[in-house]
Every structure is written in structure tokens, then in C-alpha cells.
Amino acid sequence: MIALHNRRHVLAGAAALSLVTVDEGAFAMLSSREDPRLEPVWHAHRVWNGVATTPEGRAFVAFPSADGPGMQVAEIGRDGTLSPYPDAAWNAVRQPPSPAGTFVCVNALRIGPDRRLWIVDAGATGIGKPAVPGGARLFAFDLVTNQPARIIDLAAGLKPRSYIDDIRFNGGHLYVTDAGEPGLLVVRLSDGHVRRVLDSHPLLTDRRPMRADDRLLTDNRGEPVQVHADQLEVSPDGLWLYVQPSCGPLARVPTALLDDPATPPARLAAAVEPFFDSGTTGGTAIDADGNLYISQPDERLILKVTPAGQATTVIADPRLIWSDAMWIDGDGWLWIPATQLNRTPGMNGGQLTVQYPVWIYRMQIGARPAPNDHA
């Protein structure tokens, strides 16, 4: 087992922008500095939590309904206009929620290595809420016809309060995190077979308080927020899956064991090893050299963590309010949705304090995306 690299050692002693525990005065000092490398690109009057772009320049965003119901997937035009994707009918709001011809609750999207737009339907209207029967699905949309080329029902891997969170690709398999009931789903792409693994594993379970902007996050009832298996990335060589609950720390597990249905559960569980003490995390990305980009909403910064577990600060900026699922495109841009999720009722004690508009930024990092994950 490797050592758990401690972000406190990385950040301590690197000036005001790298404080780990931030008091109100220190946070005010940190939040006064804007970095010119961070370019504002698009804005919306809804909270979005993910962005994906194609090599041809199309761009798509996901809205998790954190600040109310409405359009869940949109394509962004070159002029910044938002159009429901694939159309308004798929994005229709139904009460009670129904999976018949509509999304229940989209939580993530990305362009897959097959150049299709993969959309993750969580299947429940929020973490801790009961899953809608038939709602937890993965959609692969053909970007020529804008029709679903494939739909994968995840029912075989669900538990009563599952909340399907995000996906990553690795050759013939696809990995899915469950943020509601801690665990992973392994999907065999050849036939859509779904297996649930690492059920309630400690390193996939939210076991410590989540914080953002130097504040404990609480739900609508005033209880501490819990987001179990959430962020995940696959190493460029396909040998490792990195995964964590939103509170951290980041762990890794050999994909060879994940992909083999014959791996005994105890052996697989023992193979999950701590990798980096990430702390509360909004989103991640990984580049072709295996460097991980990890957002830290408590300090409004993004870390770069090497395959050896060494971390540096890529950028710290007051505009990075809960940076969520990031995206690296083929031109070396890191796309960063600054979602303000920590200001939505489910993370803010039932109060909505989002300051609209909500922005997507980008910065040039001179890296390429991991080849096994997306186009």
C-alpha cells in the first residue's frame, strides 16, 4: 500500500493563496485576487455542474436542478445561447418524475471515446431521495442524428437510495459512482452488463465533514451533507481507477481487478488504497500524462497532483466558487464550471444564496486529455 499524500504539506508555506484552514480574514484576502489566466466563457441563470466539448467545437452542459427544476441538458451556441438537448421534450419537467421519454435528473455528461455524448441520469431527484423506478440510466447520443444510439439501464446495480453520479471509460468497460449508497458500478460495454462492486467500502464512503468557503455544508434539514462515491478518473494507461467521496481522500484501485467478475469481493476491497488527501472536492480531471486536477472549494483553488502524488497549486481565484466537473480539450484548455453548488439549498441549510449568473471559465494548461477516456 502506498502512503497517503497529505495536501497540508503541499499547501503550507506557499503564501496566502495556499492556506489550508482559512479564517474569515484570510479568506477575504485570498478572495480579492483574480488571476488573468482564468477566462470567463459562458454564463447562465441556472446552476450547471458539467461541461463537455467536441473536437468540432460543439459544447454541452448539464444542469442538476440544484436551484430548481428546468432544462437539464443544453447545447451552447457560439453566441452563448442555450438550446435544450436533444430537444425540449426530453427536458420536460414532470410531476411526479417519470423516465418515459424524459430525463429524471441529469447529473453528468461527457463526450466518450466513441465520440457520442454520454448523459448520466441519476435516477433520483436528489441524494438521499428514493430512486425513480427505471430512472437510473446512461444515454449515448449520436451527435449526427441527435438521437440516443444506446440506453443502458443501471437497475441491476442499484440500492434503495442510490444516486448515480458520474462515469469514466476504460477500453471495454465503463465505471459509475454511486453518491447515494457508496459503491461502484462496472458496466461491460459489449453487452451493457452491470455489476455492483465495493459496496459501502470505507474509502468510497463520506466519513468526514464537507466544507466550502470555510463553512460546514449542511442539507435542507441542517444535517451535515454526505456525498459518497463521487469523483473518479482513469489513468492514461488504463491500469488505475482513482475514486473518492466528495469529502476525500482520493483512493485508487487496479482496473484489472475491477474488470474481472471473478475477482473475490474481499480481494477487490483490500486492493483499494489511499492515494492523496484531497479534502472536500468539487470536481476533477486527468491529462494524458496522468496528472490529476482536483478542485478545492474551501480555498477556491485547483491542485495538480502527479502520478507520484506530488501536488502544486494550478490556480487560486475568488471566482472559483465550487468548481465542479472539469474538462480538458484537445487544445490544452481546462474548462471549469464554477457552479456555486455550496450556495444551493441542499448544501446550504435549505437556503438559496447563489449569485447569478453562474459562469464557466477556462484556462490554458498546455496538456492533452487522457486518450482512453474521451474523444
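**Reading the features**

Guide: Arg-252 lies over the face of Trp-240, with 3.7 Å to the ring centre. The test: NZ of Lys or CZ of Arg within 6 Å of the ring centre and within 35 degrees of the ring normal. The model is predicted: local features need pLDDT of at least 70, side-chain atom pairs count only at pLDDT 80 or more, and totals for chains, interfaces and linings use all residues. Residues are numbered from 1 along each chain as its sequence is written, and side-chain values use heavy atoms, without hydrogens or water.

Visitor: Which strands does strand 18 pair with?

Guide: Strands pair through backbone hydrogen bonds, either parallel or antiparallel. Strand 18 (residues 240-245) joins strand 17 (residues 229-234) in the antiparallel sense, over 4 bridges. Strand 18 also pairs with strand 19 (residues 250-254), again antiparallel and over 4 bridges. Strands (E, at least two residues) and helices (H or I, at least four) are DSSP runs numbered from the N terminus. Pairing needs at least two DSSP bridges.

Visitor: Which residues are bridge partners there?

Guide: Glu-233 has Tyr-242 of strand 18 as its partner. Leu-241 stands opposite Val-253 in strand 19.

Visitor: How many residues lie between the strands of each hairpin?

Guide: The hairpin of strand 17 and strand 18 has 5 residues between them, and Gly-238 in the turn has a positive phi of about 75°. In the hairpin of strand 18 and strand 19 there are 4 residues between the strands, and Gly-248 takes a positive phi near 75°.

Visitor: How many residues of strand 18 are buried?

Guide: 5 of its 6 residues, so strand 18 is mostly covered. Buried means under 20% relative accessible area, exposed over 50%, partly exposed in between (1.4 Å probe, protein chains only).

Visitor: Where is Thr-255 found, and is it buried or exposed?

Guide: Thr-255 is in helix 3 (residues 255-259). Its relative accessibility is 3%, so Thr-255 counts as buried. A polar atom of the Thr-255 side chain lies 2.5 Å from the backbone oxygen of Gly-238. Beyond its neighbours within four places in sequence, Thr-255 touches Asn-170, Tyr-175, Gly-238, Leu-239, Trp-240 and Leu-241. Contact means heavy atoms within 4.5 Å.

Visitor: What does the side chain of Asp-277 make a polar contact with?

Guide: With the side chain of Arg-208, at 2.8 Å. A polar contact is an N or O pair within 3.5 Å; within protein, one must be able to donate a hydrogen and the other to accept it, and residues adjacent in sequence count only if both atoms are side-chain atoms. Asp-277 belongs to strand 20 (residues 273-277). At 13% relative accessibility, Asp-277 counts as buried. Its C-alpha atom is 9.5 Å from that of Gly-309, 32 residues away along the chain.

Visitor: Now the rings. How many aromatic pairs does the structure hold?

Guide: There are 13. A pair of rings is described by the distance of the centres and the angle of the planes. Rings of Phe, Tyr and Trp (its six-membered ring) pair if their centres lie within 6.5 Å; planes under 30 degrees apart count as stacked, over 60 as edge-to-face and the rest as tilted. Tyr-85 and Phe-141 have centres 5.6 Å apart and planes at 70°, so this pair is edge-to-face. It links distant parts of the chain: Tyr-85 is in the loop between strand 6 (82-84) and strand 7 (106-111), and Phe-141, 56 residues apart from it, is in strand 9 (residues 137-142). Both Tyr-85 and Phe-141 are buried.

Visitor: What about Phe-103 and Phe-139?

Guide: They are edge-to-face too, 5.5 Å centre to centre with 80° between the planes. Phe-103 and Phe-139 are both buried. One aromatic cluster takes in Phe-60, Tyr-85, Trp-90, Phe-103, Phe-139 and Phe-141.
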